[in-house]
Amino acid sequence: MNYFLQGFSLISTKGLKRFVFIPLTINLILFSMAFYFLFGEIGNSITWVVDLIPDWDWLSWLKTGLSYIIWPIAVITILLVFGLLFGTLANWIAAPFNGLLAEKVELHLTGQSLGDSGVMDIVKDIPRTFGRELAKLTYYLPRAVGFLILFFILPLIGQVLWFLFSAWMMAIQYCDYPFDNHKVPFKHMKDILKQNKSHTFSFGITVSIFSLIPIVNFLVMPVAVCGATALWVEELKEQV
């Protein structure tokens with residue numbers, strides 16, 4: 001958990017700020033558009049459901065009460081489900097910049113360069129970076145469908161399982177950047193994270209919780225990249 005919190009100080013470190021700007025801007029734009037659209041649709045959907053109840057005076061309390069009950073449930077569902085989905089999209093778009101940010105954070109923490117010193121080195125890494133994102137997406141989608149079904153059909157248990165799955169995916173998503181910078185295969189990266197479940201889940205749960213906090217969630221992407229890189233440097237690097 002402390003590694004994620006460490007990311008807040010790293011994003012404001014001199015020399016790293018400019019590498020934070022692009023992923024932060026991408027996250028801000030996508031999440032703003034997504035939540036503006038989704039909350040608008042929620043309002044329309046709730047109005048449609050409430051309007052199904054007849055306009056009888058003795059049912060007016062039911063219409064009012066139902067509206068108050070549905071709103072928080074709908075908002076929590078959006079934060080849990082669509083937060084991860086749009087976060088995945090944002091990470092796809094920002095992947096090359098997140099990889100660069102992870103590289104610069106590692107350089108800051110260790111003083112050791114990875115050798116990618118020029119723009120052309122970064123450009124040459126883009127196909128591999130997007131291939132890595134495709135591997136994560138292929139891993140994520142079938143499992144997300146299964147856990148999403150459980151989310152809607154199992155009260156409480158389904159929501160807990162979805163939250164834990166989200167935490168696991170958050171850890172995979174952000175820890176993968178420093179692993180990928182060192183050309184560690186995706187499968188090997190997952191094995192190492194499984195061997196360090198306490199670090200993996202506490203980091204992923206912290207990312208998930210902060211992703212639910214309005215305004216703060218715009219900072220989650222660069223903060224999580226920095227925090228995951230610190231976790232890699234201090235805990236995981238020697239296990240590769």
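## Tyr139 and Phe186

In this predicted model, Tyr139 and Phe186 are both buried. The location of Phe8 can be set against them: its relative accessibility is 27%, which classes Phe8 as partly exposed. The ring centres of Tyr139 and Phe186 lie 6.0 Å apart with the planes at 75 degrees, and the pair is therefore edge-to-face, since an angle over 60 degrees falls in that class. Tyr139 belongs to helix H4 (residues 119-153) and Phe186 to helix H6 (residues 186-195), so the pair ties together parts that are 47 residues apart in sequence.

## Other aromatic pairs

A pair of aromatic rings is described by the distance of the centres and the angle of the planes. In this model the count of aromatic pairs comes to 13. One of them joins Phe4 and Phe8, which are edge-to-face with 5.6 Å centre to centre and 90 degrees between the planes. Both residues lie in helix H1 (residues 2-10), and because they are 4 residues apart, about one helical turn separates Phe4 from Phe8. Phe4 has a relative accessibility of 0% and therefore counts as buried.

Aromatic residues also form a cluster, made up of Tyr140, Phe147, Phe151, Phe152, Trp162 and Phe165.

## Lys136 and Asp176

Lys136 is located in helix H4, and Asp176 in helix H5 (residues 157-181). With a relative accessible area of 3%, Lys136 is buried; Asp176, at 1%, is buried as well. These two residues are 40 residues apart along the chain, and their C-alpha atoms are separated by 9.2 Å.

Leaving aside residues up to four places away in sequence, Lys136 touches Met169, Ile172, Gln173, Asp176, Tyr177 and Phe186. With Tyr177 there is a further relation: the charged end of Lys136 sits over the ring of Tyr177, at 4.6 Å from its centre. Under the same exclusion of sequence neighbours, Asp176 touches Arg132, Lys136, Ala171, Phe186 and Met189.

## Packing of H5 against H6

The axes of H5 and H6 come within 10 Å and cross at roughly 120 degrees. The crossing of H5 and H6 is right-handed. On the H5 side the contact is made by Trp168, Ala171, Ile172, Cys175, Asp176 and Phe179, and on the H6 side by Phe186, Met189, Lys190, Ile192, Leu193 and Lys194. The buried Asp176 is accordingly one of the H5 residues in this contact.

## Packing of H5 against H8

H5 also packs with helix H8 (residues 220-236), at an angle of about 55 degrees and with the axes 8 Å apart. That angle makes H5 oblique to H8. H5 passes H8 in a right-handed crossing.

From H5, the residues Tyr174, Cys175, Tyr177, Pro178 and Phe179 take part, meeting Val220, Met221, Ala224, Val225, Ala228, Thr229, Leu231, Trp232 and Leu236 of H8. Tyr177, whose ring lies under the charged end of Lys136, is one of the H5 residues that meet H8. Cys175 and Phe179 take part in the contact with H6 and also in that with H8.

Technical notes:
Residues numbered from 1 in each chain as written. Predicted model: local features only at pLDDT ≥ 70, side-chain atom pairs only at ≥ 80, totals over all residues. Heavy atoms only, no water. Phe/Tyr/Trp six-rings, centres within 6.5 Å; stacked < 30°, edge-to-face > 60°. Helix = DSSP H or I, 4+ residues; strand = E, 2+ residues; numbered from the N terminus. Buried < 20%, exposed > 50% of the residue type's maximum accessible area, 1.4 Å probe, protein only. Lys NZ or Arg CZ within 6 Å of the ring centre and 35° of its normal. Contact = heavy atoms within 4.5 Å. Axes fitted to C-alpha atoms, helices over the stretch in contact; angles between N-to-C directions. Left-handed = near helix turned anticlockwise from the far one by under 90°. Parallel < 35°, antiparallel > 145°, perpendicular 65-115°, else oblique.
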